[in-house]
Amino acid sequence: MKAKKPAALILAALSSLSLLGTAAAAPQYTFGLLLSAMTPYFASIKGGAEAEAKKLGVQLLVENGNNNSATQSNQVDTLIARKVNALLINPTDAKALVPPNFRDYLCVAAHCGHGQGDSGCIA
C-alpha cells in the first residue's frame with residue numbers, strides 16, 4: 001500500500017498545477033510514466049498511478065526502461081513525439097537524460113538521487 005502513495009502524490013501535484021480542468025468538457029491530458037524497471041515496487045507504483053489517473057480522467061502511458069538508459073531515452077523521445085502533457089520519470093541513469101528533450105514539457109523525476117546530473121526535471 002505504501003508504494004501507491006508516491007504515484008498518487010505525483011499525479012495530485014500535477015493536477016494542483018492547473019494542468020487538469022474540472023469542467024466536464026475539460027481537455028484530455030496524457031502523461032507519460034517512465035519506470036527504470038518493473039520490479040514489484042515499481043509495479044505497485046504503476047498500479048497506483050493508473051488508478052489515480054483513471055480518477056482524474058488522465059490518459060497514462062507507462063513505459064518500462066528495463067534498467068537500460070538507451071531504452072529509456074528512446075521512450076522519452078517516443079512520448080514527446082506523442083505530445084504528452086507531462087513526463088513522470090524514474091530514470092535508470094539521470095546523467096543519460098538529455099536536458100533539451102524536456103524544454104517544453106513538465107517533467108517530474110523521482111528516485112534519481114542528488115548530484116546525478118541535471119535532467120532539467122523537477123525532482
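**View 1. Length of helix H3 in the predicted model.** Helix H3 covers residues 69-81, and at 1.5 Å a residue its 13 residues should span 18 Å; the end C-alpha atoms lie 18 Å apart, which agrees. The expected span is 1.5 Å times one less than the number of residues. Helices (H or I, at least four residues) and strands (E, at least two) are DSSP runs, numbered from the N terminus. Residues are numbered from 1 along each chain as its sequence is written. The model is predicted: local features need pLDDT of at least 70 and side-chain atom pairs count only at pLDDT 80 or more, while totals for chains, interfaces and linings use all residues, and side-chain values use heavy atoms, with hydrogens and water left out.

**View 2. The buried face of H3.** Gln-72, Ser-73, Gln-75, Val-76, Leu-79 and Ile-80 are the buried residues of this helix; buried means under 20% relative accessible area (1.4 Å probe, protein chains only). Seen down the axis of H3, these residues fall within an arc of 160°, so they line one face of the helix. The arc is that of the directions from the helix axis to the C-beta atoms. Their cover includes strands E1 (29-35), E2 (58-64) and E3 (86-89).

**View 3. The two ends of H3.** At the start of the helix, a side-chain oxygen of Asn-68 comes to within 2.9 Å of the backbone nitrogen of Ala-70. Just after H3, Lys-83 adopts a positive phi of about 60°.

View 4. The chain has three helices and four strands, in the order α-β-α-β-α-β-β from the N terminus. Of its 123 residues, 37% are buried.

Definitions and conventions. Buried means under 20% relative accessible area, exposed over 50%, partly exposed in between (1.4 Å probe, protein chains only). Contact means heavy atoms within 4.5 Å. A polar contact is a pair of N or O atoms within 3.5 Å; within protein, one must be able to donate a hydrogen and the other to accept it, and residues adjacent in sequence count only if both atoms are side-chain atoms.
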